[in-house]
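Visitor: I am new to this structure. Please pick one part and take me through it closely.

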Amino acid sequence: MRVNRILLSSALVVVALVLQVSVLARLHLPGAVPDLLLLTVLGLAMVYGHVGGALVGFGAGLLADLAPPADHAAGRYALVLCVIGYLAGLVKPDNGRLKSATGPMVVVVVAAIGATLLYAGVGALVGDTAARHVGLGSLLFTAALYDLLLAPFVVPGIMALARRAENDPLAETNSQAKKPSISSGWLSGGTGLRIGGQRGGLSGMRNGLKTKAGRARTARAGRIKGVKRL
């Protein structure tokens, strides 16, 4: 990943995690907790693509696994967000720009339900049955509802920041300055066309000089013959 992608993604993920742990988790809403970290990964993945989305999702999930008060095995949420980021990057819009709000909202709902199911499935494999006691149906409904309500305030802003970092005018100027110019290459190194033109010009000058010399000789011979006849 590029340096600007890493810096921006790291800053957004840290801010989202702090807000989720310190604010959203303390609201004590019924069912699931609004997943600001998931929305951040979705917004970045829909600009960076599936590879960037997978990397951002893995890093964000691993940070969430290690941040207190984590009560699950490390790597569990990293796996979930890595898969979600990869799949969200596959539906990346052209040039990272949204043509309508319908597509991203569908992505948010599917991602919220998929992340909840995948998290519960991984937990069942490692012996965590907390989802069964809370109720998987209510978790799925509340997760999709909360994330859908929060998405219009998060996803467009994150995508705009990511696009702005991608379209850095300084980076584009530097990249264009590094590209060699065709005209400068012709002038500095020379080409066959230029050499051929020079050779053609020199040969033309030589032919002209030879023609002039021949005419001068003919005229001189004519004068000599005229003098002899007199």
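Guide: First, a term. Helices and strands are DSSP runs: a helix is H or I over at least four residues, a strand is E over at least two, and both are numbered from the N terminus. With that, the chain reads α-α-α-α-α-α-α-α-α from the N terminus on. That comes to nine helices and zero strands. Keep in mind that this is a predicted model.

Among contacts with a separation of 6 or more, 75% join residues 24 or more positions apart.

Now the part to look at: helix α2, residues 36-66. Two of its packing partners are α6 and α3.

How are two packed helices described? By the angle between their axes and the distance between the axes.

Take α6 first, residues 136-166. Its axis and that of α2 are 8 Å apart, at an angle of about 40°. An angle under 35 degrees would count as roughly parallel. At about 40°, α2 and α6 are therefore oblique to each other. The crossing of α2 past α6 is right-handed.

Which residues make this contact? From α2 come Leu-36, Leu-38, Leu-39, Thr-40, Gly-43, Leu-44, Met-46, Val-47 and Tyr-48. From α6, the contributors include Leu-150, Ala-151, Val-154, Val-155 and Ile-158. Asp-147, Arg-163 and Glu-166 of α6 take part too. By class, the contact has 14 nonpolar, two polar and three charged residues.

Next comes α3, residues 76-90. Its axis comes within 7 Å of the α2 axis, and the two cross at roughly 175°. Angles over 145 degrees count as roughly antiparallel, so α2 is roughly antiparallel to α3. This contact has 19 nonpolar, seven polar and two charged residues.

One more residue belongs in the picture. Ala-16 sits in helix α1, residues 3-22. Is Ala-16 buried or exposed? Its relative accessible area is 3%, so Ala-16 is buried, the cut-off being under 20%. Setting aside residues up to four places away in sequence, Ala-16 touches Leu-36, Leu-37 and Thr-40. Leu-36 and Thr-40 were named above, in the contact of α2 with α6. As for Leu-37, it is 21 residues from Ala-16 in sequence. In space, the two are 5.4 Å apart, C-alpha to C-alpha.

Conventions. Residues numbered from 1 in each chain as written. Predicted model: local features only at pLDDT ≥ 70, side-chain atom pairs only at ≥ 80, totals over all residues. Heavy atoms only, no water. Axes fitted to C-alpha atoms, helices over the stretch in contact; angles between N-to-C directions. Parallel < 35°, antiparallel > 145°, perpendicular 65-115°, else oblique. Left-handed = near helix turned anticlockwise from the far one by under 90°. Contact = heavy atoms within 4.5 Å. Nonpolar A, V, L, I, M, F, W, Y, C, P; charged D, E, K, R; others polar. Buried < 20%, exposed > 50% of the residue type's maximum accessible area, 1.4 Å probe, protein only.
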